[in-house]
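Please read it alongside the structure shown here.

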Amino acid sequence: MTVPAPPTASVAPAGTLRVVINLGNPVLAQGTAEEPRGVTVAIAREVARWLGVPLELECVDAAREAYAAITEGRVDLCFLANEPAREEGVAFTAPYVLIEGVYVTEGDSPLTSSDEVDRDGVRVGVRTGSAYDLYLTRTLQHAELVRASEATDVFEEEHLDAAAGVRQPMEDYVAGTERRILEPAFMEIRQSVGLPRALDPAAVAAVAAFVEHLKATGFVRDELARSGVDATVAPPA
């Protein structure tokens, strides 16, 4: 696969590629703000290398903070789930990783599958501004969303019926307890690279093509494995 010509002046006009990393999603990033690591950090480094500019990382703890960083112009590139509510401010590439959104309940909950959650009287904890918050906001018809900084915290504190989140950390959350994950997953989260909405479409297309190159060469797969993360590389665009 041919590597596209780098649109350096458009993507990194200040001469440095400024990227926001969400440490709140352990599938995509791990470590600390001082020493972040993970697939998003690796992709950011490769994009900066391709553009031929230094890399500057800003680490945050939630997707809503990453969205604010890109829409407020503090960074040039972000990693977010492609959700319709975000498309007004972000131009997305095709996804590079697919992960799942799942519900967790207590072991004695009468809920037995994810299909039973959208009922009157059911309350679901979500992390404010997360991909699954946005998705459930537009798809649930009866259940009530309870937003907080951590879905599992509000699930426990307010004795909610369920908590929503990314499968991998939710599996860690229920391990060694009587809590359980409701199957099937209620959504597929399409993790994508995001750029400012006002950016030249040709520059967005070039970055998107470079992300496809990273997928096709096994770079994304290898970085996920290096992080110890079991996630699915998205199919070719």
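A disulfide is taken here as a pair of cysteine sulfur atoms within 2.5 Å. By that criterion, a search of the whole structure finds zero disulfides. The model is a predicted one. Its chain is assigned to domain 1 (17–98 + 190–233) and domain 2 (100–187).

**Cysteines**

- Cys59 takes part in no disulfide, and its nearest cysteine sulfur, that of Cys78, is 14 Å away.
- Cys78 is likewise in no disulfide, with the sulfur of Cys59 as its nearest at 14 Å.
- Because buried means under 20% relative accessible area, Cys78 counts as buried at 0%.

**Domains and annotation**

- The centres of domain 1 and domain 2, taken over C-alpha atoms, are 26 Å apart.
- Domain 1 contributes 15 residues to the contact between them, and domain 2 contributes 12 residues.
- An unreviewed UniProt entry carries the annotation "domain: Solute-binding protein family 3/N-terminal" over residues 16–230.
- That span, residues 16–230, is 33% helix and 32% strand, and its end C-alpha atoms lie 32 Å apart.

**Nonpolar cores**

- The largest nonpolar core has 60 residues. Leu17, Ile43, Phe79, Tyr96, Tyr103 and Val124 have the most contacts inside it.
- Helix H2 (residues 39–51) supplies the largest share of this core, nine residues.
- Both domain 1 and domain 2 are represented in this core, each by at least three residues.
- Another core, of 13 residues, lies apart from the largest one and includes Val146, Ala151, Leu160 and Ile181.

**Strands S1 and S4, with Leu55**

- Five of the six residues of strand S1 (residues 17–22) are buried, so S1 is largely enclosed by the rest of the structure.
- S1 and S4 run parallel and are joined by six bridges.
- Leu17 has Leu55 as its bridge partner in S4; Leu17 is also among the residues with the most contacts inside the largest core.
- Leu55 lies in strand S4 (residues 55–60) and is partly exposed, with a relative accessible area of 28%.
- Beyond its neighbours within four places in sequence, Leu55 is in contact with Thr16, Leu17, Val19, Ala44, Arg45 and Ala48.
- Leu55 and Ile43 are 12 residues apart in sequence and 11 Å apart in space, C-alpha to C-alpha.

**Strands S6 to S9**

- Strand S9 (residues 162–166) has five of its five residues buried, so S9 is largely enclosed by the rest of the structure.
- Strand S6 (residues 90–105) pairs with S9 in the antiparallel sense over four bridges. Within this pairing, Tyr103 stands opposite Ala164 in S9.
- Strand S7 (residues 123–127) pairs with S9 in the parallel sense over two bridges. Here Val124 has Ala162 as its bridge partner in S9.
- Tyr103 and Val124 are both among the residues with the most contacts inside the largest nonpolar core.
- S7 has four of its five residues buried, so S7 is also largely enclosed by the rest of the structure.
- The pairing of S7 with strand S8 (residues 144–148) is parallel and runs over five bridges; Arg127 stands opposite Ala148 in S8.

**Thr105**

- Thr105 is found in strand S6 and is buried, with a relative accessible area of 0%.
- Leaving aside its neighbours within four places in sequence, Thr105 is in contact with Leu111, Phe155, Asp161, Ala162, Arg179, Arg180 and Leu182.
- One of these contacts, Ala162, is the residue that bridges to Val124.

**Backbone details**

- The peptide bond joining Glu183 and Pro184 is cis, with omega at about -5°. Pro184 lies in strand S10 (residues 180–196).
- His159 has a positive phi of about 50° although it is not a glycine.
- His159 is found in the loop between helix H5 (151–157) and S9, and at 69% relative accessibility His159 counts as exposed.

How values were computed: Residues are numbered from 1 along each chain as its sequence is written. This is a predicted model: local features need pLDDT of at least 70, side-chain atom pairs count only at pLDDT 80 or more; totals for chains, interfaces and linings use all residues. Side-chain values use heavy atoms; hydrogens and water are left out. Buried means under 20% relative accessible area, exposed over 50%, partly exposed in between (1.4 Å probe, protein chains only). Two strands pair if DSSP finds at least two bridges between them. A nonpolar core is a set of buried Ala, Val, Leu, Ile, Met, Phe, Trp, Tyr and Cys residues joined through side-chain atoms within 4.5 Å. Domain bounds come from an automatic or database domain assignment. Contact means heavy atoms within 4.5 Å. UniProt positions are given in the numbering used here, feature names are shortened, and annotations may be inferred rather than shown by experiment.
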